[in-house]
Amino acid sequence: MKRLTQRGLFWLKVCLHISFLSPIIYLVLMVLTDNAGGDPVQYIIHYTGMGALNALVVTLLISPLAKRFKQGLLLQTRRLVGLYVFAYACLHIAAFISLDLLFAWGFLFEEIVKRPYILVGAASLIIATLLALTSFQAVKRKLGKRWQSLHNWIYVMAILAPIHFYWSVKSEIIEPSIYFGIFALLLWYRRKSIKQWLFGRA
């Protein structure tokens, strides 16, 4: 396979931006044309949540693909895709708070107690936020070895996110099960790195 060049990397990033921005434009058009289903609020919440989940899958796929096809430059797309995970997650929680709760903050605790999957989702959002805020090169240099340890929390996010999805859809199990399988494979591929992170060097 032909090696990825800096020019190729630039156009790949352009394609990734288009790929992640297009669904948002599509969502806006669906809402504006009254084609967002019978319950537009739940449609928006589910749609943005799926966007975050899919972006997380892509983020975790980058390293295996880079190693398999010996495309080192491909690793430079991880930050871009990771920031889209954060962006979609923010849209997801913003839609829930504004459209579902109508900014009734007093009901938020009640909702967490009644629907524990919200707490799991909030934990995933916190991790995504920390990873986004520390994704800049200046922060990476300042944190040193601690940076990698912090960003390994994406593995925890890869466990929490499908659990949140499964609990939120209730009766539907086929689609969440597919994502459980995908994330399980991606984490299995990284089992040595995860074991080293959790237990240190043997």
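User: What covers the buried residues of α3?
Analyst: This is a predicted model, to be clear. In it, the cover over the buried residues of α3 includes α1, α2, α4, α5 (117–133) and α8.

User: And which residues in α3 are buried?
Analyst: Leu-80, Val-81, Tyr-84, Val-85, Tyr-88, Ala-89, Ala-95, Phe-96 and Ile-97 are buried there.

User: How far does α3 reach from its first C-alpha to its last?
Analyst: It reaches 32 Å with 23 residues, close to the 33 Å expected at 1.5 Å a residue.

User: Why flag a positive phi?
Analyst: Most residues other than glycine have a negative phi.

User: Are Leu-102 and Phe-103 buried or exposed?
Analyst: Leu-102 is exposed, since its relative accessible area is 62% and the cut-off for exposed is over 50%. Phe-103 counts as exposed as well, at 52% relative accessibility.

User: OK, switching to α1. What span should its 27 residues have, and what do the end C-alpha atoms give?
Analyst: Helix α1 (residues 6–32) should span 39 Å at 1.5 Å a residue, and its end C-alpha atoms are 39 Å apart, so the two agree.

User: Where does the kink in α1 lie?
Analyst: At Leu-21, shortly before the proline Pro-23; the kink is about 25°.

User: Which α1 residues are buried, and what do they pack against?
Analyst: Leu-9, Leu-16, Phe-20, Leu-27 and Met-30 are buried. The buried residues of α1 pack against α2 (40–68) and α3 (78–100).

User: Tell me about Met-30, then. What is it in contact with, leaving aside neighbours within four places in sequence?
Analyst: Met-30 is in contact with Asn-35, Ala-36 and Tyr-43. Met-30 has a relative accessible area of 16%, and the cut-off for buried is under 20%, so Met-30 is buried. As for Pro-40, Met-30 is 10 residues from it in sequence and 9.2 Å from it in space, C-alpha to C-alpha.

User: Which residue has a positive phi just after α1?
Analyst: Asp-34, with a phi of about 60°.

User: Last topic: α8 and α9. At what angle do they pack?
Analyst: Helix α8 (residues 154–169) and helix α9 (residues 174–189) pack at about 170°, and their axes are 9 Å apart. Angles over 145 degrees count as roughly antiparallel, so α8 and α9 are roughly antiparallel to each other.

User: Which residues meet there?
Analyst: From α8 you have Tyr-155, Ala-158, Ile-159, Pro-162, Ile-163, Phe-165, Tyr-166 and Val-169, and they meet Glu-175, Pro-176, Tyr-179, Phe-180, Phe-183 and Leu-187 in α9. By class, that contact has 13 nonpolar, no polar and 1 charged residues.

User: How does Glu-175 count at 34% relative accessibility?
Analyst: Glu-175 counts as partly exposed at that value. Leaving aside neighbours within four places in sequence, Glu-175 is in contact with Met-50 and Phe-165. Further along the chain, Leu-185 is 10 residues from Glu-175, and their C-alpha atoms are separated by 16 Å.

Definitions and conventions
Residues are numbered from 1 along each chain as its sequence is written. This is a predicted model: local features need pLDDT of at least 70, side-chain atom pairs count only at pLDDT 80 or more; totals for chains, interfaces and linings use all residues. Side-chain values use heavy atoms; hydrogens and water are left out. Axes are lines fitted to C-alpha atoms, for helices over the stretch in contact, and angles run from 0 to 180 degrees between N-to-C directions. Helices (H or I, at least four residues) and strands (E, at least two) are DSSP runs, numbered from the N terminus. Angles under 35 degrees count as roughly parallel, over 145 as roughly antiparallel, 65 to 115 as roughly perpendicular and the rest as oblique. Contact means heavy atoms within 4.5 Å. Ala, Val, Leu, Ile, Met, Phe, Trp, Tyr, Cys and Pro count as nonpolar, Asp, Glu, Lys and Arg as charged, and the others, Gly among them, as polar. The expected span of a helix is 1.5 Å times one less than its number of residues. The bend at a residue is the angle between axes fitted to the seven residues ending there and the seven starting there. Buried means under 20% relative accessible area, exposed over 50%, partly exposed in between (1.4 Å probe, protein chains only).
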